[in-house]
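Good morning, and thank you for the time. I would like to go through one structure with you; please have the sequence and the coordinates open.

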Amino acid sequence: MKFATFNTNSVRLRLPVILEWLLREQPDILCLQEIKAQDKDFPAADFEGAGFHPAFKGQKSYNGVAIISRQMPQEVKTSLTSIEDQEARFISATILDVPVINVYIPQGMAPGTDKFAYKLRWLRGLLAHIKENYKKEMPLLIAGDFNVALETIDVFDPESFRDEAGFHPDEQAIMQELLAWGLVDIFRKHQPDGGHYTFWDYRIPNALKRNMGWRIDYILATQPLADKSVISWIDTGARALPKPSDHTFLIAEFDMS
DNA sequence: ATGGTCGGCAACCGA
């Protein structure tokens, strides 16, 4: 089972890149974040034409998440059970009997701001949602843009980012609680070395070429599924295009036989 | 090479 996640920064603008990637890589499931489209504007027919079933939750201008699946997604839900949230940052579905959660965690701007408090509230809400609805002994996949780098090896300049949004101990502590509950960071399982990133800030010139990035996108799995993962990699293709996205595809394969 | 991030969406917010 081939599973992937990608922050699109506009699903409509990035549609040719996504469709080309789907046809080339043939994943079973692709989670998208920052689709930046209202539901009425989501390009559902294009995904259906490529042989996939889309489930999506959008809003105007910002945020928005989607699950693109070869099999029909069942039990689609678009809100956390733990907290109220006005923004389109959560979607879950069951696909081939595996529960899949796709999240776009708030970026948080800077510690001390309302946006940072919202980010922490959201992370705690996700932790509560998972504890309320799932068991660590059962298969569960969680993917998305968490906007949190966990370790010094996950950012290119940890000294200068220490205590800033995206690399702050309060965010990292909640994510570590999530992992401690019973989730495995699948890319890390297969790649213990640092310097592998999923995001490069547009505002840093030639960030990809200089490998000045962050690893803030994740595929997390409970142990029974994590035991089945055989490979995970980052596809920088979409970041290297003439009109690049700021994130990359992150992929993991699971042997379900 | 004589500039200097993107995207949505209509002036700026968010990342």
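How much of the chain over residues 4–247 is helix and how much is strand? The chain there is 26% helix and 23% strand, and the end C-alpha atoms lie 13 Å apart; helices (H or I, at least four residues) and strands (E, at least two) are DSSP runs, numbered from the N terminus. This is a predicted model, in which local features need pLDDT of at least 70, side-chain atom pairs count only at pLDDT 80 or more, and totals for chains, interfaces and linings use all residues. Residues are numbered from 1 along each chain as its sequence is written, while chains are lettered from A and ligands numbered from 1 in the order in which they are written.

Let me turn to helix α3. Buried residues of α3 (20 or more other C-beta atoms within 10 Å of their own, C-beta atoms being placed from the backbone; exposed means 12 or fewer, partly exposed in between) include Phe116, Trp122 and Ile130. The face turned away from the buried side carries the exposed Asp114 and Glu132.

Next, strand β12, residues 249–254, contains Leu250. Leu250 counts as buried because it has 26 C-beta neighbours inside 10 Å. The C-alpha atoms of Leu250 and Cys31 are separated by 9.8 Å, although the two residues are 219 apart along the chain.
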